[in-house]
Amino acid sequence: MSDLTSADAQRAQAPDDLQPQGSRSIPGNLAVKCPKCRELLYGKDWEKNLKTCPRCSYHFRLSARERIDLLLDEGSFQEIDSNLLSVDPLNFVSRSQSYQAKLREEREKTGLNEAVIAGTGTIEGLPLALAVMDFAFIGGSMGSVVGEKVTRAIERALADRSALLIISTSGGARMQEGMFSLLQMAKTSAALTRLSEARVPYISLLTDPTTGGISASFAFLGDVILAEPGALIGFAGPRVIEQFMHQRLPADTNTAEFVLAHGMLDAVVPRRLLRPTLARLLRMYAGSKVKSVTH
Amino acid sequence: MAYDLEFEKPLADLEKKLTTLQRKGEKLKPEEQRQIKALEAELREKTAEIYSKLTSWQCVQVARHKDRPYTVDYIKLMCEDYFELRGDRRFGDDRAIQGGLAVIDGRTVMLIGHQKGRDTREKMECSFGLAHPEGYRKALRLMRQAEKFGMPIVTLIDTSGASPDLASEERGQSQAIAENLLVMAGLKVPVVAVIIGEGGSGGALALGVANRVLMLEFAIYTVAAPEAAASILWRDTIYASQAAEAMKVDAKSLYQLGLVDELIPEPLGGAHRNHAEAAKALKAAILKHLDELAALNQEQLVQQRFEKFRAVGKFAVGDPVAVR
C-alpha cells in the first residue's frame, strides 16, 4: 500500500546521522544526536538507556534482533522458518532496478533474510510464539515471505496453545509483489481468526513506524495492543494525509499517544518497561496455567 | 458515448466519420448507406481488437471511466427489490459504502458495495468512493446480520482506496479495515466479491475476503494506486503507467497469476458502453457462484475461504543467509 509518500519513505529510511543502525553494525558509536531534542548522547550511555534519549525519551528504532535480545529470556529464542526466501513473482523492475537485485542488496545491507524474524521463546519463563519485524529490510514491507512467516508464527502459537506476540514496524505492503502482498493482509488476518476462536491470547506491539497494510491487518487485531512512546502509527503517513487534505496537521497526529487518546490502543509503554509489562500480561492471560510453571 | 480515452483515438476517428455521414439523415445516397454499414462494422471490429489487448494502464483508465457503472447502477439493473440499510450504529452513515437487503433472482442476499458517485454532488456525498471507518463498520454490521439470517453476501468493490484523512485516522481507519478482514474470514455464509472497477489496496480488500473473488474483464486490483507506487518506486507520479504494468494490476494478469477465480466479460468497448449488458453478465456470474457455494455447509464455507487465502504467496525454501 502506498501509505508512505516518498517524503515519508525517505524520512522513514532516515539519514545515517539521525538513525544509527545499532551497535553491531557500527561498533564505534561514540556519540549519537537525538533527532527530537538535538541532545548529543554518549554512545555507551545511549545503549545502556536501550537506545532512548534520557532527556526527551525519544525512542530510536531497534532491529528485530535487538528487540528479541531485549525482551526474551536469554538463550530462549528458537528461530523458525529462517529458510523462507522471497522470490520475484511478477518479474518486477522499477527505475532499472529489478526486485531480485533489490532483495540481494537488502540481504547484504541488513544481514537479514527478510523483514521479519519468527520463532518461539520465553519471557520470565512464560512461553510464547513471536514474529518481530525489522524496518531496515525494505521498510519492513510485507510481501509473501513476511506474510507467510507471520502466519506460521500465528499457527505455531495455535499449535502450542502459547501466547502470540507480534512486534510490528512497517511502511505497509510490499509493492514489488503486487497483489501477492495485499492478500497477505487477508492471510494473516484469517490465521488470527482461528487463533482467536481457539482463545489463544495475542499481544500486538506497535513500534515506529506501523502504517498501511500492517496496521490495517494483524497489528490492530491484538487482544492487547501496546505501542512504544512517540511511534508513528496510522493507516496513512502524515504527508499523505496533508497532501490529501491540503492542510498542515498538528504535530502529534498519528503518534502512539494520539492513537491511545482515540481509543485504538491499550497502553503506551516505555521501552524499559516492555519486558515486565509483557511478562505481567502473559501471566494474567495464562491464568491458572502459570501455577505449574516452575523455574 | 464518445470515445474519450487516449488509446481509443482510432475509434474516435472512425466514429467521427460515421457521425458526419449519419448527420445527412434522409438525404443519404445508397452508396453512403453502404459506407455507414461498413464503418459500423469496422468500428465494432476495431473496438474488439483494441479491447482484446489492453495494457494494465489502459485497464486502469477503463476501470476509472467516468461513465462506468457503479454499485448503485448494478443494484438497479440486477435486483428485483432492494432496501438500503444505513449507518454503522456507532458514528454515522458513510455514503462511500452502501448496502442492504437485495433480491436477486428471487433470493435475498446482503449486497454491499463501494459507491463513487456519478455527478459532482453525488461524488462529494460519497467521498469519491473513499470510505471512512464508519463505512467499513457499516459493512461489518451488515455482514454480521447476513450471517445471523443465513443470507449470502455479495460485495461489489470499486474504490481507489480507503480515505486518508485525519478524521478517519482519529476513528481508527486501520482498525476498521483489519476487523473486516478478521470477521470476513470467519463468516458462516457464502461470500462472493466482485471487483467491478477499481480494487484499490486495503480499502478494497476490506470487502474482499470472500469464497469467490471475481473481476470484471477490465477492472483492476492493486496493492497501491499506480500513481502512489510510481511516486515511491520511480520517485515521480508520471511513471504511473510503468507502475501499473510492473504491478500487474489488470484482471487478466491477476487471473493468470491465480489470484482471481473468474473474469466476467464486459460488453464491447467496456462496461461503460452498455450498463444493462454489463449488469446481466455480472448477475449471471453472481448467481452461478452462489449456486455452487450453496452446496457447502457452514464449516466447509469457512474452511474453503480460509484455505483460499492461506495458500496465497510465492516464496522459496532455501539456505538462510547466515544471520550473525
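**View 1. Parallel strand pairing around β11(A).** Strand β11(A) and strand β13 (residues 267-268) of chain A pair in the parallel sense over two bridges, where helices (H or I, at least four residues) and strands (E, at least two) are DSSP runs numbered from the N terminus, and where two strands pair if DSSP finds at least two bridges between them. Within this pairing, Ala227(A) is found opposite Val268(A) of β13(A). Strand β11, covering residues 224-227 of chain A, is also paired in the parallel sense with strand β10 (residues 202-211) of chain A, over four bridges, and here Ser204(A) stands opposite Ile225(A). This is a predicted model, in which local features need pLDDT of at least 70 and side-chain atom pairs count only at pLDDT 80 or more, while totals for chains, interfaces and linings use all residues. Residues are numbered from 1 along each chain as its sequence is written, and chains are lettered from A and ligands numbered from 1 in the order in which they are written.

**View 2. The two chains in contact.** In this view, 60 residues of chain A are in contact with 53 residues of chain B, two residues being in contact if their C-beta atoms, placed from the backbone, lie within 7 Å. On the side of chain A that touches chain B, α6(A) gives the most, with 14 residues. By class, that side of chain A has 32 nonpolar, 23 polar and five charged residues, where Ala, Val, Leu, Ile, Met, Phe, Trp, Tyr, Cys and Pro count as nonpolar, Asp, Glu, Lys and Arg as charged, and the others, Gly among them, as polar. Strands join the chains as well, for three bridges link β4(A) to strand β9 (residues 315-317) of chain B, and these strands run antiparallel; the bridge partner of Ser86(A) in β9(B) is Phe315(B).

**View 3. The surroundings of Ala178(B).** Ala178(B) lies in helix α8 (residues 173-185) of chain B. Because Ala178(B) has 29 C-beta neighbours inside 10 Å, it counts as buried (20 or more other C-beta atoms within 10 Å of its own, with C-beta atoms placed from the backbone). Leaving aside neighbours within four places in sequence, Ala178(B) is in contact with Ser189(A), Ala216(A), Ser217(A), Phe220(A) and Leu221(A). Ala178(B) and Leu205(B), 27 residues apart in sequence, are 9.7 Å apart in space, C-alpha to C-alpha.

Conventions: Buried ≥ 20, exposed ≤ 12 C-beta atoms within 10 Å, placed from the backbone.
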